[in-house]
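Dear colleague,

Please find below the structure I am handing over to you, with its sequence. My notes on the aromatic side chains follow it.

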Amino acid sequence: MRYILASGSPRRRELLSKVLSEYEVIPAVSEEKTTSTEPSKVVEELSFQKASEIFHKIFINERDRYVVIGADTVVSYKGKILGKPKDREDAAGMIKQFSGDTHAVYTGVTLFYVDENGRQCHHTFHEETLVDVAAMTDKEIEDYVATGEPDDKAGAYGIQGQFAIYIEGIKGDYYNVVGLPIARLYREMKSKKLL
């Protein structure tokens, strides 16, 4: 079986290596478009687009057994999606919103594959994790944003980085917040006989 990750995220690559010993990386490059505003639906749509793009780029024939894994993660606060910050001022604004409160992180995952009968199949799911953030002072937010860590991260923070000192608790899968719910991914792949 050949496995392909449709993402260039170094965090996702690192996490996927906990599930699969060998896989290739072919990042999706198409423009992301979504018809929904509901966070769980948005991540499912975007993960589907990424996996579909790469699957259809490399598909040759039904005898090739391979799995393309697409994923997308968003941070949602009070139903509003917080994407990657445009700049550091935007990053500080995002963090200020959920400082001292709970927000949700959603990751959608889509598996595109050819089954044992040569049929093209896909399976999409999402995982939700609730994250409690301590109340932060303006100075703490400013200092964190100045590290540059939030620059390319949904919701303007990395739970696995320096922001960890402000996390008071999580309910759900920690790895989902990092970018890939690996326990759920493993179970879903196993149930589809993809491992």
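The charged end of arginine 2 is placed over the ring of tyrosine 66, at 6.0 Å from the ring centre. Please bear in mind that this is a predicted model.

Turning to contacts between rings, I counted pairs whose centres lie within 6.5 Å. By this rule there are eight aromatic pairs. One of them joins tyrosine 144 and phenylalanine 163: the ring centres are 5.0 Å apart and the planes meet at 55°, so the pair is classed as tilted. Tyrosine 144 belongs to helix H4 (residues 138–146), whereas phenylalanine 163 is in the loop between H4 and strand E7 (167–171), so the pair ties together parts that are 19 residues apart in sequence. Tyrosine 144 is buried, its relative accessible area being 3%, and phenylalanine 163 is likewise buried, at 0% relative accessibility.

A further pair is formed by tyrosine 174 and tyrosine 175, with ring centres 5.3 Å apart and planes at 75°; this pair is therefore edge-to-face. Tyrosine 174 is partly exposed, with a relative accessible area of 31%. For tyrosine 175 the relative accessible area is 31%, and this residue is partly exposed.

With kind regards

How values were computed: Residues are numbered from 1 along each chain as its sequence is written. This is a predicted model: local features need pLDDT of at least 70, side-chain atom pairs count only at pLDDT 80 or more; totals for chains, interfaces and linings use all residues. Side-chain values use heavy atoms; hydrogens and water are left out. Rings of Phe, Tyr and Trp (its six-membered ring) pair if their centres lie within 6.5 Å; planes under 30 degrees apart count as stacked, over 60 as edge-to-face and the rest as tilted. Helices (H or I, at least four residues) and strands (E, at least two) are DSSP runs, numbered from the N terminus. Buried means under 20% relative accessible area, exposed over 50%, partly exposed in between (1.4 Å probe, protein chains only). A charge sits over a ring if NZ of Lys or CZ of Arg is within 6 Å of the ring centre and within 35 degrees of the ring normal.
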